[in-house]
Number of protein chains: 2
Amino acid sequence: MIENIQVIAFDADDTLFINEPYFDEAEEKFCALMSDYLSKQSLAQALFQTQINNLPLYGYGVKGYILSMVQTAYEVSNHTVSTKVMEKIIEIGKDLLTKPVVLLDGIEETLQQLHGKYKLVVATKGDLKDQHRKLHLSGLGAYFHHIEVMVEKEELDYEKLLKRLEIEPENFLMIGNSLKSDVLPVLNIGGTAVHVPFHTTWAHERIDHEIVHNNFYSVEKTSELMTLLDL
Amino acid sequence: MIENIQVIAFDADDTLFINEPYFDEAEEKFCALMSDYLSKQSLAQALFQTQINNLPLYGYGVKGYILSMVQTAYEVSNHTVSTKVMEKIIEIGKDLLTKPVVLLDGIEETLQQLHGKYKLVVATKGDLKDQHRKLHLSGLGAYFHHIEVMVEKEELDYEKLLKRLEIEPENFLMIGNSLKSDVLPVLNIGGTAVHVPFHTTWAHERIDHEIVHNNFYSVEKTSELMTLLDL
């Protein structure tokens, strides 16, 4: 059982609402647009590599993704891709920024039950503007004290978050779908983490080892949190 | 004299360090690249209009600016601009994200004197990743409790900020170079604001009327804050 928690932080993308399937769909469109130049697999690989190379400059989120698609297009085409294709890439990106917000099963009921018993926050990476848009459209905003859009989700970033929240690690519970970003760093600084897997995960967020830790829990659905928290 | 302040928030761009001159320089380069198509004045106007139109989607900051340059390029060229020009636009943008951070005169001394007497925070719009980068490189990070990168700086955004900070408006002082973003909304929700003008202001941040208000102050240099705060 998890005890002494004051603040529960929820990841947003693929924890509160659907995200990765939209990026998969955008990547499909990008690969179709660029199919004259490379195979789908090679294009996806090139785009991923460009994204990773650009992370230190652009950070996470849709706008950086659009810029990486544009760059990949002119790189893999050896600078011959047409302006029309560039325009279509921008449109794929703008489309991502207007996607409907689809809640994951049972998330609202979970928040309803936790609300008032804990300080609830959203702790997410991604695009500042887009994350605020999605939270607003989700209708979940009222359950949360506020949203923290983080530059990274590494140990230091969580330490800063706890400082801002003015709480100790033992009073902090993080819930999310990424073992790499939502679980490991939180455990490493002394917090508690609950993993709620989503059916698809961005390659950059995957890890290749099991986690065994006293403060680590894994559930199929967020509704199982109630049992863990003895509610 | 300003009394009862608990939290002092500083705007970042053109309040802590130089920003607008870098955007002016980027715009010059963009106009030079596109000079075959339109006059400098018309290009600047078209870029500004694209930026404003894209604000609801992209928000503030460098990445949205790059995407707006790309879009303006294909729009004003009637879709004939070359891929090479697109690539150069991306480079102008990446260059903006690696500019040195140049502190404004006297800002560090001011922060030294305020540190420990008030909770100091940075409250800024712009790109999440880039603002964190700049604050880190500025060497000013240690003076601040944390940085708040805001989606907008309107009344509602400041109200949310105060809720996060868990303080009342009468205990909040905002310092910045934008009358529109740093001063007016803060006065309107009952806070106090100090305007420190910078020699150049983005058109979107300009207002065309005088401000007269009991909680409004204007100084030439941030060092004058000490007198206002009776330090």
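Predicted model: local features only at pLDDT ≥ 70, side-chain atom pairs only at ≥ 80, totals over all residues.
## Terms and model

Contact here means heavy atoms within 4.5 Å, and it is in this sense that helix H6 (residues 128-138) of chain B lies across strands E2 and E3 of chain B, running at about 150° to E3(B).

In chain A, six strands make up an open sheet whose order is E3-E2-E1-E4-E5-E6, and the pairing within it is parallel. Strand E3 (146-149) and strand E6 (216-218) of chain A stand at the edges of this sheet, and because each has a single partner strand, one side of each is left without a neighbour in the sheet. Direction ignored, neighbouring strands of the sheet are turned against each other by 20° on average.

One of the pairings joins strand E1 (residues 7-10) of chain A to strand E4 (residues 172-176) of chain A, in the parallel sense and over four bridges. Within this pairing, A:Phe10 has A:Ile175 of E4(A) standing opposite. Helix H6 (residues 128-138) of chain A packs on the sheet, where it touches strand E2 (119-124) and E3 of chain A, and the direction of this helix makes about 150° with that of E3(A).

## The sheet of chain B

Chain B also holds an open sheet of six strands, ordered E3-E2-E1-E4-E5-E6 and paired in parallel. The edges are taken by strand E3 (146-149) and strand E6 (216-218) of chain B, each of which has a single partner strand, so that one side of each is left without a neighbour in the sheet. From one strand to the next, the twist averages 20°.

Between strand E1 (residues 7-10) of chain B and strand E2 (residues 119-124) of chain B, which run parallel, there are four bridges. In this pairing, B:Ile8 has B:Leu120 in E2(B) as its bridge partner.

## Two helices within chain B

Helix H1 (residues 20-33) of chain B and helix H2 (residues 40-58) of chain B have axes that come within 9 Å and cross at roughly 120°, and the crossing in which H1(B) passes H2(B) is right-handed. On the side of H1(B) the contact is made by B:Glu27, B:Glu28, B:Phe30 and B:Cys31, while H2(B) brings B:Lys40, B:Leu43, B:Ala44 and B:Leu47. Sorted by class, the residues of this contact of H1(B) with H2(B) are five nonpolar, no polar and three charged.

## Where the chains meet

Helix H3 (residues 62-76) of chain A and helix H3 (residues 62-76) of chain B have axes that come within 9 Å and cross at roughly 40°, which makes H3(A) oblique to H3(B). The crossing in which H3(A) passes H3(B) is left-handed. From H3(A) the contact takes A:Lys63, A:Gly64, A:Ile66 and A:Leu67, and from H3(B) it takes B:Lys63, B:Gly64, B:Ile66 and B:Leu67. By class, the residues of this contact of H3(A) with H3(B) are four nonpolar, two polar and two charged.

Methods: Residues numbered from 1 in each chain as written. Chains lettered and ligands numbered in written order. Heavy atoms only, no water. Pairing = 2+ DSSP bridges. Axes fitted to C-alpha atoms, helices over the stretch in contact; angles between N-to-C directions. Parallel < 35°, antiparallel > 145°, perpendicular 65-115°, else oblique. Left-handed = near helix turned anticlockwise from the far one by under 90°. Nonpolar A, V, L, I, M, F, W, Y, C, P; charged D, E, K, R; others polar.
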